[in-house]
Amino acid sequence: MTIIWGILNTTPDSFSDGGRYVDLDAAVTHALRLREQGAAVIDVGGESTRPGAERVPVAVEQARVLPVIEALTDAGVPTSIDTLNADTAVAAVRAGARIVNDVSGGLADDRMLSAIADLDADVALGHWRGPSADMYARAQYSRVAREVASELHERVTAAAAAGIAPSRVIVDPGVGFAKSGPQNWELLRDLDEIAALGHRVLIGTSRKRFLGEVLGADADEQRRDLATAVTSALAARAGAWAVRVHDVAATRDALAVARAWEGDTHDRR
Ligand code: PMM
């Protein structure tokens, strides 16, 4: 069964829910709501990775995320830490996070993989070709899924060399990271090439630009959430272990429909 990661961005500049959850109480309340709606994990991020985003100082990132992770851990809610920084990953796991979610697959901080090796946490390695500020210049592929799989395989090998057991590794093909709209769709269509790596697969399409491109420039957040629920259900059908979304309730319903399609009509209300 595909699980849901609920997104909690504590950044003032994230493109989709920017600024709303900077306040600790508001962040925790929102996360508890996502949990109630069916999120198995709350993915806490303190630095935006959206295209064009500037880096923030590590101290600022940690001041945003650590109190939220501590509060959610106290409340018994599993969390992951969405970070490019090894120091933040270590501090977040000490605060209770169970998974390090590094969209760069360990490339942004060369201390990341060895730091994770010493932690009691799993790691999600994303496909990445460089910093947000200029990633679209790197969107050159002949067969996108094959190249993403091979570059992810390199990251998994680097993780193993750093001492991270393969069973701890989740892979994420990085929808929207150094990929054009059509390349994102091709990647999703060929998801079996990513699944063939033999690791749990995480997919994040939520509210991303390529959905807006299909729906029309005026598509608001609500319409992108509906589109996200559809892509998440299709990703589930293609074998995704987890989907990372803002609107947990809509995706929970879409996943229930996908399961029923597969013959699982078990009532989970
Ligand atoms: N996308 C974003 C941030 N973190 N993490 C993973 N593992 N996969 C993703 O696709 C991903 C991510 C960017 O989206 P956001 O700014 O809405 O969080």
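This is a predicted model: local features need pLDDT of at least 70, side-chain atom pairs count only at pLDDT 80 or more; totals for chains, interfaces and linings use all residues.
Which of the 15 residues around the ligand come nearest? Counting a residue as near if one of its heavy atoms lies within 4 Å of the molecule, they are Asp 82, Asn 101, Asp 172, Lys 208 and Arg 244.

Residues are numbered from 1 along each chain as its sequence is written, and side-chain values use heavy atoms, with hydrogens and water left out.

A polar side-chain atom of Asn 101 lies 2.8 Å from a ligand nitrogen, whereas His 246 places a polar side-chain atom 3.2 Å from a ligand oxygen, and Gly 204 has a backbone N or O atom 3.4 Å from an oxygen atom of the ligand. Of the 420 Å² that the ligand exposes when taken alone, the protein buries 97%, with areas from the Shrake-Rupley method and a 1.4 Å probe.

Turning to the helices, which are DSSP runs of H or I with at least four residues, numbered from the N terminus, helix 9 (residues 221-237) and helix 10 (residues 248-261) have axes that come within 8 Å and cross at roughly 35°, where axes are lines fitted to C-alpha atoms over the stretch in contact and angles run from 0 to 180 degrees between N-to-C directions. With contact meaning heavy atoms within 4.5 Å, the residues that meet include Ala 229 in helix 9 and Leu 255 in helix 10.

Definitions and conventions
Helices (H or I, at least four residues) and strands (E, at least two) are DSSP runs, numbered from the N terminus. A polar contact is a pair of N or O atoms within 3.5 Å; within protein, one must be able to donate a hydrogen and the other to accept it, and residues adjacent in sequence count only if both atoms are side-chain atoms.
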